[in-house]
Amino acid sequence: MNNYTIGFIGCGNMATAIMKGLIAKKLFAPDNIVCSDASSMAVARISESLGVKATTDNMNTVNSSDILVLAVKPQYYETVISEIRDTIRPEQIIITIAPGKTISWLEDKFAKPVKLVRTMPNTPALVGEGMTGACKNSCISDEEYETVLTILGSFGVVESISENLMDVCVSVSGSSPAYVYILIEAMADAAVADGMPRDKAYKFAAQAVLGSAKMVLDTGKHPGELKDMVCSPGGTTIEAVRVLEEKGFRSAVFEAMKACVEKARGL
């Protein structure tokens, strides 16, 4: 992809994660990455840390890019699109990462045919372990879509899904790191309460979550089966599971995710 230049409007955590992945995988050199942000501090930070071209001028980013990532918050999408739509070229590919902004909504705001790929990444992209859902509009060719999927795969795993599942993607991967962090924090707090130093408590809890997730992915076994493997009859683990069930652990997760989907649909 050395012949392409990729641009980012917005230099926040997600844009930073994507840029780091692209550079680490050598898909793009820093000289072939340009980004813009309203904050001059953000521009200075990203330029210094990654060596990419950075500016406060969105139009400079649009004009310099073959592929353009809209990495601003959802509430700013309409304003940004209004600013750049007349400058967008027919051959440019636009990648969006905003929950709730459907392809139909985006096409309406651009008010002309544009090549769109809608995505939902998550923040573990910052450590190269992101999970991204993606779908495209009819203007994107299969070859162009494969190029975008390669880009998205540079910072984790990417899965092509139908657009009607994109809001579900928000709840199951886009927002879910927050649920996992709460779990890790709670586990560590309990360990501290029982006498373990806090730094060790976080390490034990985080590694347990990491290892458990890897077992699901690597073994292909149902999570319930893996849970049963840990629960010896009359043992400590099944006692802990009993309390989690008594306190409504599953139901809390279920209701939280349903609320997340509803919120995403309303953005």
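I began with Arg-118, which is buried with a relative accessible area of 2%, where buried means under 20% relative accessible area, exposed means over 50% and partly exposed lies in between, using a 1.4 Å probe and protein chains only. I noted that this is a predicted model, in which local features need pLDDT of at least 70 and side-chain atom pairs count only at pLDDT 80 or more, while totals for chains, interfaces and linings use all residues. Residues are numbered from 1 along each chain as its sequence is written, and side-chain values use heavy atoms, with hydrogens and water left out.

**Salt bridges around Asp-167**

I then looked up the partner of Arg-118 and found a salt bridge with Asp-167, the closest N and O atoms being 3.8 Å apart; the term stands for a side-chain nitrogen of Lys or Arg within 4 Å of a carboxyl oxygen of Asp or Glu. Arg-118 lies in strand β6 and Asp-167 in helix α7, so this pair ties together parts that are 49 residues apart in sequence. Helices (H or I, at least four residues) and strands (E, at least two) are DSSP runs, numbered from the N terminus. Asp-167 also counts as buried, at 13% relative accessibility.

Asp-167 forms a salt bridge with Arg-265 as well, with the closest N and O atoms 3.8 Å apart. That pair links distant parts of the chain, since Arg-265 belongs to helix α12 (residues 249-265) and Asp-167 to helix α7, 98 residues apart. Arg-265 counts as partly exposed, at 47% relative accessibility.

I searched the whole structure and found 14 salt bridges. Another one of them joins the side chains of Lys-221 and Glu-225 at 3.5 Å, N to O. Lys-221 counts as partly exposed at 33% relative accessibility, and Glu-225 is partly exposed with a relative accessible area of 39%. Salt bridges that share partners join Arg-118, Glu-163, Asp-167, Glu-262 and Arg-265 into one network.

**The sheet behind β6**

I next traced the sheet: eight strands form an open sheet with mixed pairing, in the order β3-β2-β1-β4-β5-β6-β7-β8, two strands being paired if DSSP finds at least two bridges between them. β3 (53-55) and β8 (156-160) stand at the edges with a single partner strand each, so one side of each is left without a neighbour in the sheet. Strand β6 (residues 115-120) pairs with strand β7 (residues 130-136) in the antiparallel sense over four bridges, and Met-120 stands opposite Gly-133 in β7.
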